[in-house]
Amino acid sequence: MSIAIADHVRDIPRSGIRDFFEIVQTMDDVISLGIGEPDFATPWHIREAAIYALERGRTGYSSNLGLPRLRRSIADYVRKHFGLRYEPLSEVLVSVGVSEAIDLALRALLNPGDEVLYHEPCYVSYAPSITLARGVACPIETKAEEGFRLNAEALERAITPRSRVLMLNFPTNPTGATMSREDLEKVAEVCVRHNLVVMSDEIYSEITFDGSSHSSIAACPGMQERTVFLHGVSKAFAMTGWRIGFACAPVELIEAMMKIHQYAILCAPIMGQDAAIEALDRGEQSVEKMRREYEMRRNFIVGALNDMGIPCRKPLGSFYVFPDISSTGLASREFSLRLLSEEKVAVVPGTAFGPSGEGHVRCSFATGLPQIKIAMERLAAFVGRMRA
Amino acid sequence: MDALIDLLQQNALMPRADMARLLDLTPESLEAAIAKLEADGVVLGYQAIINRERWDTEKVTAIIEVKITPERDGGFDRIASRIAKFEEVESCYLVSGGYDLLIVIEASNLRRAAAFVAEKLSTIDAVQATATHFRLKTYKENGAFHQIDTAAERLAVSP
């Protein structure tokens, strides 16, 4: 018997990243710049706090929305770092990573056929998550020459009567794009005028460079009431495996998200929640230390790429560069496959993040400097051969 | 400057070209920045961290608490610098608490370490009392771990 899979699931393409990962797995001695997670282990004080919590036997369920103590820490952290005030017990939901919170928000907001706008290239899960929530994914292409920022006019042009939600992710995975407060205000004004709900995934917000600081669109006039602020501890605190994210939003939306969350997930793992309290309350120094390290590696990788004639913008956030490899005459996927087989360096083809990523590859600098250095030497040799 | 000091502290031997690239400086301005740190006495020197389990295992290290009588002029400084000048003394700190100076000494063997305490340190007039703790094992030194943690496994490609 063949099992029939639901149409909307069957039609979702496999992730371009997963595809690539399977090839990489079969090879030895690959230097990977394809990794979207910090190379640091979770700072010790956070791990130690989790061990302490386990020793005390804190191993049960928590309240559906998350430990009240953690929700208070989240509200304090978000107020301090983003200038946003949320009621900890009613406007904050702790999720299994930001990914789950995105799914919850989409499912809570969309009726079948509602359109969700998002800027592209973007994180790989956005379009499939929209489809799974029975929405219609409407990408807005962003351009390298505009630093992959979302242009308010392009947004306005993409809006239709079915447009319901705008998803934002700044700093952006994979481009490292950032938006200034003024850029965000222009986008915010369009959202208010067209009554869009904004889901703002700000997971990389602590990882910003050159003294630039991150602003949240939720802090723009008229926005907090229509924004789902999404964040978590994975990237800044090097806690990807703990799976702790959170959503802050108006109470009626949190209530709706909670219905889905309680039946699908029940609650985020409590050991992760206990660790997240320590991270948010006392992790600032650890974050700053890692941020400085990323900034230096960014300088190194951007300098090396530009020196070999691969144009690369210096990103002001995230731990990714998104260089333009079109001068090699290869398409992104071919470039990545050949670089992998000929030089054993893994990067992710830009097209894994949407068709507008063509001509680019994503290199992560969440990898130690010695590896980055060797990878850049191998890459330079490869690029030289392609041009010869 | 903070980032440069971080790098020097982590690994002063890192090739200068890499360091310049990490800091987004030209090689010349990096050299100038390092020269300035040295000239200003911010950077006092560069040293290797030696694993004593692997090299010169006879050598002993002792941490000594020293109680001293401060002088009317100069407080602890003169006596502290007098103690610090002994070549056995690797580090010397004035500390708060139950005693005054915390010194770290290295000697080629136990007998010499004992001789230093008995003959040199304790005989100084201002020294009222000492308590000597010999190092048995080192777990971490100057930020470096003596046992290397096994690297955690990561996926080769992830979103």
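Author: Let's start with strand E11 (residues 348-349) of chain A, which pairs with E12(A) in the antiparallel sense over 2 bridges. Two strands count as paired if DSSP finds at least two bridges between them. The names come from DSSP runs numbered from the N terminus: helices are H or I runs of at least four residues, and strands are E runs of at least two.

Before going on, keep in mind that this is a predicted model: local features need pLDDT of at least 70 and side-chain atom pairs count only at pLDDT 80 or more, while totals for chains, interfaces and linings use all residues. Residues are numbered from 1 along each chain as its sequence is written, and chains are lettered from A and ligands numbered from 1 in the order in which they are written.

Back to E12(A). Opposite its Val361(A) stands Pro349(A). E12(A) also has strand E9 (residues 320-321) of chain A as an antiparallel partner, again over 2 bridges, and there Val321(A) is bridged to Cys363(A). What about the two faces of E12(A), residues 361-364: covered or open? Both are covered, with Val361(A) and Cys363(A) buried on one side and Arg362(A) and Ser364(A) buried on the other. Buried here is a matter of counting: 20 or more other C-beta atoms within 10 Å of a residue's own make it buried, 12 or fewer make it exposed, and anything in between is partly exposed, with C-beta atoms placed from the backbone.

Now zoom out to the domains. An automatic or database domain assignment sets the bounds, and for chain A it gives domain 1 (7-42 + 285-387) and domain 2 (60-283). 36 residues of domain 1 of chain A are in contact with 34 residues of domain 2 of chain A, where contact asks for C-beta atoms, placed from the backbone, within 7 Å. Our E9(A) turns up here too: along with helix H2 (16-25) and helix H11 (284-307) of chain A, E9 gives two or more residues to the side of domain 1 that touches domain 2. H11(A) has the largest share of that side, 7 residues. By class, that side of domain 1 has 17 nonpolar, 12 polar and 7 charged residues. Nonpolar covers Ala, Val, Leu, Ile, Met, Phe, Trp, Tyr, Cys and Pro, charged covers Asp, Glu, Lys and Arg, and the others, Gly among them, are polar.

Next, the inside. The largest nonpolar core has 126 residues, and Ala105(A) and Ala247(A) touch the most other members. Such a core is a set of buried Ala, Val, Leu, Ile, Met, Phe, Trp, Tyr and Cys residues joined through C-beta atoms within 7 Å. Leaving out residues up to four places away in sequence, Ala105(A) touches Met199(A), Val228(A), Ala247(A) and Met257(A).

Finally, the other chain. 14 residues of chain B are in contact with 23 residues of chain A. Helix H1 (2-11) and helix H2 (16-23) of chain B each give two or more residues to the side of chain B that touches chain A, and H2(B) has the largest share, 4 residues. That side of chain B has 8 nonpolar, 1 polar and 5 charged residues.

Methods: Two residues are in contact if their C-beta atoms, placed from the backbone, lie within 7 Å.
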